[in-house]
Amino acid sequence: MGRKCVFTLALASLFTGLVAAADWNILNLKRRNYGIESNNLKNYCESWRINVEVSNIRGFEVVPQECIAYIKHYMTSSQYEADIERAIEEVKLYLSSCSCCTLEGDGKDAWIFDVDDTLLSTIPFYKKHNFGGEKLNKTLLEGWMKETKAPALEQTLKLFHEMKDTGIKIFVVSSRSETLRSSTVDNLINVGYHGWSSLLLRGLEDETMKVQEYKSQARKKLMDEGYRIWGIIGDQWSSLEGLPYAKRTFKLPNSMYYIP
């Protein structure tokens, strides 16, 4: 009788734990109307952000409403700056390593940079639009881009010039529309970028492609011209993935939006 009672209690405890686990889904609209502890919310939102960064969470259109304040805090924090700095330091270590960049001196050693949230920051725009908590309005974003007020990411700006001084050709490959060329060039120059070899933007013929396909084709074109692409740095996986691959890729943090 005692053993049966213990078994029953254990089973009830397990069932209760499973129910609690099932209830703990911050996006479950059917969850009970009880308060969510702030630590649980913080843990959930940090987990969501990390899983965006490692490409486990894909295709999201908006940041979960519960996490807007958390993403805002991260994207405007010293931790975000430190994470960018760490990524840039890894690029520098790679550039100085034996596995990278035996420069041939033939003008064919190359590196690819993305634009938005790599060379230029869109945080001022997203600050007005809930840090990704609102579905993107492309017209508004492009209107903001035309104002040419995006600040530089200072860590990337410094890396850009250090890399250029080594003799590596820099190609800027962006998913921005070709109609934004003048604004993009003006903005880049205004904040201190100059001396890139080419700025590649999406023409009308590229509009039907996903960004990953478009950027893969841009890399293939460069490689077909004989360039050795030693690396890519960008904030979206679609800038880094797809054939042909660069020798190394480096991702900067960005959990405000997703570009396939």
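**Close-up 1. The largest nonpolar core of the predicted model has 54 residues.** Within this core, W111, F113, Y193 and I233 have the most contacts. Helix α4 (residues 78-95) supplies the largest share, six residues. Helices here are DSSP runs of H or I with at least four residues, numbered from the N terminus. A nonpolar core is a set of buried Ala, Val, Leu, Ile, Met, Phe, Trp, Tyr and Cys residues joined through side-chain atoms within 4.5 Å; buried means under 20% relative accessible area (1.4 Å probe, protein chains only).

Close-up 2. Surroundings of Y193. W48 and F60 form an edge-to-face aromatic pair. Their centres are 5.1 Å apart, with 70° between the planes. Rings of Phe, Tyr and Trp (its six-membered ring) pair if their centres lie within 6.5 Å; planes under 30 degrees apart count as stacked, over 60 as edge-to-face and the rest as tilted. W48 lies in helix α2 (residues 38-53) and F60 in the loop between α2 and α3 (68-75), 12 residues apart. W48 is buried at 7% relative accessibility, and F60 is buried at 12%.

**Close-up 3. Charges over tyrosine rings.** K108 lies over the face of Y227, 4.2 Å from the ring centre. The charged end of R202 sits over the ring of Y214, 5.5 Å from its centre. The criterion is NZ of Lys or CZ of Arg within 6 Å of the ring centre and within 35 degrees of the ring normal.

**Notes.** Residues are numbered from 1 along each chain as its sequence is written, and side-chain values use heavy atoms, without hydrogens and water. In this predicted model, local features need pLDDT of at least 70 and side-chain atom pairs count only at pLDDT 80 or more, while totals for chains, interfaces and linings use all residues.

Key:
Helices (H or I, at least four residues) and strands (E, at least two) are DSSP runs, numbered from the N terminus. Buried means under 20% relative accessible area, exposed over 50%, partly exposed in between (1.4 Å probe, protein chains only). Contact means heavy atoms within 4.5 Å. Lists of a residue's contacts leave out its neighbours within four places in sequence.
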